[in-house]
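This briefing sets out selected features of a single protein chain. It is arranged by topic for reading alongside the sequence and coordinates.

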Amino acid sequence: MPPKKRTRGNGNARTTKSRDDEQAVNDGQGEYSPSEEPGSRVRGKRKASTREMPKENVRTKEPPSRPQYCHWLMKSEPDSRFENGIDVKFGIEDLKAQPNQTGCWDGVRNYQARNFMRDMKEGQLAFFYHSNCKEPGVAGLMKVVKEAYVDHTQFDKKDVHYDPSSTLDNPKWSMVDIHFERMMKRFIPLSELKKYHQQHKAKGGPLKDMSLFTRARLSVQPLTTEEFDFVLSLENQERS
């Protein structure tokens with residue numbers, strides 16, 4: 001008997017991270033320790049300097065500011081794949097079939113991808129990208145309709161994305177709600193995007209640093225406005 005596909009009630013979509021997700025790694029932040037000012041030695045011990053450090057020479061380290069994005073690319077698998085007897089398939093047609101064509105983007109278990117979702121703002125647009133299939137690529141457009149909140153699947157022992165190290169007091173993982181906007185006028189395959197990326201990398205262009213190629217394994221990726229507009233414009237052109 002084939003395994004049963006797990007469905008989620010209350011109108012929530014059964015989404016999953018893409019297998020492209022890399023191993024989750026926390027971003028560390030080192031501590032800053034000012035170097036000791038040289039002083040004279042007395043009987044082998046360092047004598048405290050009485051010389052006052054000029055204020056203009058004392059510098060504090062500030063963390064680099066993170067770039068702000070307003071467009072995204074989010075990967076999910078349109079073909080059936082079973083984990084622990086549960087089908088984690090979720091393509092753009094599955095999103096369309098949800099009540100109000102809206103669902104939660106759960107199951108992301110990569111810290112960088114999670115952080116990108118936490119950066120998302122209501123009303124921002126994202127490409128729905130089909131991954132781990134015969135022809136991966138951009139299938140449609142969706143909109144963020146609820147900003148990041150706790151991903152309940154991390155606490156569900158029956159869920160494939162259960163994380164025993166996450167607690168109710170200190171949850172690790174977040175999700176957003178997304179709404180189907182429309183299908184692309186034509187499917188934009190990865191092979192076509194890769195061709196433009198290589199051209200733009202050599203001669204300059206909006207896709208030269210696209211995360212789909214520079215951070216290829218992330219299932220949630222940021223897009224600059226220039227990248228988003230260029231990819232969107234391809235739907236009005238014949239496939240090259």
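Histidine 71 belongs to strand S3. The model is predicted, and in it this histidine is buried, since its relative accessible area is 13%, below the 20% cut-off. Beyond residues up to four places away in sequence, histidine 71 touches Leu125, Gln221, Pro222, Leu223, Thr225 and Phe228.

**The sheet**

- Six strands form an open sheet with mixed pairing, in the order S6-S9-S8-S7-S3-S10.
- Strand S6 (102–104) and strand S10 (220–223) are the edge strands, each pairing on one side only.
- From one strand to the next, the twist averages 35°.
- Strand S8 (residues 137–150) and strand S9 (residues 174–189) are paired in the antiparallel sense over 10 bridges; leucine 141 has arginine 182 in S9 as its bridge partner.
- The pairing of S6 with S9 is also antiparallel and runs over three bridges.
- Aspartate 177 in S9 has cysteine 104 opposite it, and lysine 146 likewise stands opposite aspartate 177.

- Helix H2 (residues 111–119) has the buried residues Tyr111, Ala113, Arg114, Asn115, Phe116 and Met117.
- These buried residues of H2 pack against strand S3 (71–76), S8, S9 and S10.
- At the start of H2, the backbone nitrogen of glutamine 112 has a side-chain oxygen of asparagine 110 within 3.0 Å.

**Aromatic pairs**

- Across the whole structure, a search finds seven aromatic pairs.
- What is the arrangement of the rings of phenylalanine 127 and phenylalanine 228? Their centres are 4.7 Å apart and their planes are at 25°, so the pair is stacked, given that planes under 30 degrees apart count as stacked.
- Because phenylalanine 127 lies in strand S7 and phenylalanine 228 in helix H5 (residues 225–233), the pair ties together parts that are 101 residues apart in sequence.
- Both phenylalanine 127 and phenylalanine 228 are buried, and phenylalanine 228 is among the residues that histidine 71 touches.
- Tyr69, Trp72 and Phe116 are linked into a cluster by ring pairs; Phe116 is one of the buried residues of H2.

**Charges over rings**

- The charged end of lysine 146 sits over the ring of tyrosine 149, at 3.9 Å from the ring centre.
- Lysine 195 lies over the face of tyrosine 196, and here the distance from the ring centre is 4.5 Å.

**Positive phi values**

- Most residues other than glycine have a negative phi.
- Asparagine 84 has a positive phi, near 55°, and is located in the loop between strand S4 (82–83) and strand S5 (86–87). Asparagine 84 counts as exposed because its relative accessibility is 72%, where exposed means over 50%.
- Asparagine 100 also has a positive phi, near 60°, and is found in the loop between helix H1 (92–96) and S6. With a relative accessible area of 67%, asparagine 100 is exposed.

Definitions and conventions. Residues are numbered from 1 along each chain as its sequence is written. This is a predicted model: local features need pLDDT of at least 70, side-chain atom pairs count only at pLDDT 80 or more; totals for chains, interfaces and linings use all residues. Side-chain values use heavy atoms; hydrogens and water are left out. Two strands pair if DSSP finds at least two bridges between them. Helices (H or I, at least four residues) and strands (E, at least two) are DSSP runs, numbered from the N terminus. Axes are lines fitted to C-alpha atoms, for helices over the stretch in contact, and angles run from 0 to 180 degrees between N-to-C directions. Buried means under 20% relative accessible area, exposed over 50%, partly exposed in between (1.4 Å probe, protein chains only). Contact means heavy atoms within 4.5 Å. A polar contact is a pair of N or O atoms within 3.5 Å; within protein, one must be able to donate a hydrogen and the other to accept it, and residues adjacent in sequence count only if both atoms are side-chain atoms. Rings of Phe, Tyr and Trp (its six-membered ring) pair if their centres lie within 6.5 Å; planes under 30 degrees apart count as stacked, over 60 as edge-to-face and the rest as tilted. A charge sits over a ring if NZ of Lys or CZ of Arg is within 6 Å of the ring centre and within 35 degrees of the ring normal.
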